[in-house]
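Hi everyone, thanks for making time this morning. I'd like to walk you through one model, starting from a single residue and then widening the view. Let me put it up on the screen.

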Amino acid sequence: MTENTQAATRPGGLPQINKIGFSDIGQALGQGWHDFMRAPLYGLIFGGFYAVGGLAILAALTVYDMPWMIIPVAIGFPLIGPFVAVGLYEVSRRLQAGEPLNMGEIFAIMFRQKDRQLGWMAFVILFIFWIWVYQVRLLLALFLGFKSFSSIGMFLTVITTTSEGLGFLAVGTLVGAGIAFVLYASTVVAMPLLLERELDFVSAIITSFKAVTMNFVPMLGFAAVIVVFTFVAMVPAFLGLVLALPVLGHATWHLYKKLVV
């Protein structure tokens, strides 16, 4: 019996992890695009919800005269993407299993997650998002003091043309990259795993971290793809997320199926 056909769980109850390569990343992305083309309406609905959320946050920051928070929040906003993508995971699961797609059933499954372990994962994601927001405020206070910015243009000028601003960018980028990696490693496998199996969220997070560390280079490559796709998609006022989020969401499901026995 080969490694891939052994029992799905190890003695400790954690799922068994497969080794993957860059070819698996490419296949998962191709399968993600294929799922989107097979069920574009679902992808556009979930992607559209995400894009509208981004626009609403930008509008709120403008109304409350906090333009200096637009860039940090725009960068941190994708951190909640894994939770929004639960519906996309269910669409891909049904397509892969040959089950019919039903909008009402899919939304009902998403709603029921509040009573399952995925509900706790939502708190984990939002907690990490708030850590990101508050560390930005802390770094702003440390590097830029109590300066006020009347526009996003002035904020950009200060952080790109002054030594304090460049220091803020450098340290903020390093800290932000660390926070983003922790969230990525915590959720990339845990979210689809909890949708498919009855498992406690701590075990799911441990499994997710293990999948990333066992396949560090290819999984880092997938993280880079997510970053590039997301930031390019956010440039036209978050509208590109209508396409990027569903493709990446579907791809994440297929990558999960390759990683976990």
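So, let's begin with Arg 197, which sits in the loop between helix 10 (190–196) and helix 11 (201–214). Please keep in mind as we go that this is a predicted model.

Now, what does the side chain of Arg 197 reach? It comes to 2.5 Å from the backbone oxygen of Val 261. There is also Gln 117 to look at: along the sequence, 80 residues separate it from Arg 197, yet in space the two C-alpha atoms are 9.9 Å apart.

Next, have a look at helix 13, residues 241–259. With 19 residues at 1.5 Å a residue, helix 13 should span 27 Å, and the distance between its end C-alpha atoms is 26 Å, which agrees.

Let's zoom out to the whole protein. We have 13 helices and zero strands. There are 261 residues, and 47% of them count as buried. Taking the contacts with a separation of 6 or more, 75% are between residues 24 or more positions apart. Finally, the accessible surface comes to about 12600 Å², with 73% of that belonging to carbon and sulfur atoms.

Notes. Residues numbered from 1 in each chain as written. Predicted model: local features only at pLDDT ≥ 70, side-chain atom pairs only at ≥ 80, totals over all residues. Heavy atoms only, no water. Helix = DSSP H or I, 4+ residues; strand = E, 2+ residues; numbered from the N terminus. Polar contact = N/O pair within 3.5 Å; in protein donor to acceptor, adjacent residues only side chain to side chain. Expected span 1.5 Å × (residues − 1). Buried < 20%, exposed > 50% of the residue type's maximum accessible area, 1.4 Å probe, protein only. Contact = heavy atoms within 4.5 Å. Areas by Shrake-Rupley, 256 points an atom, 1.4 Å probe, with all protein chains shown as cover.
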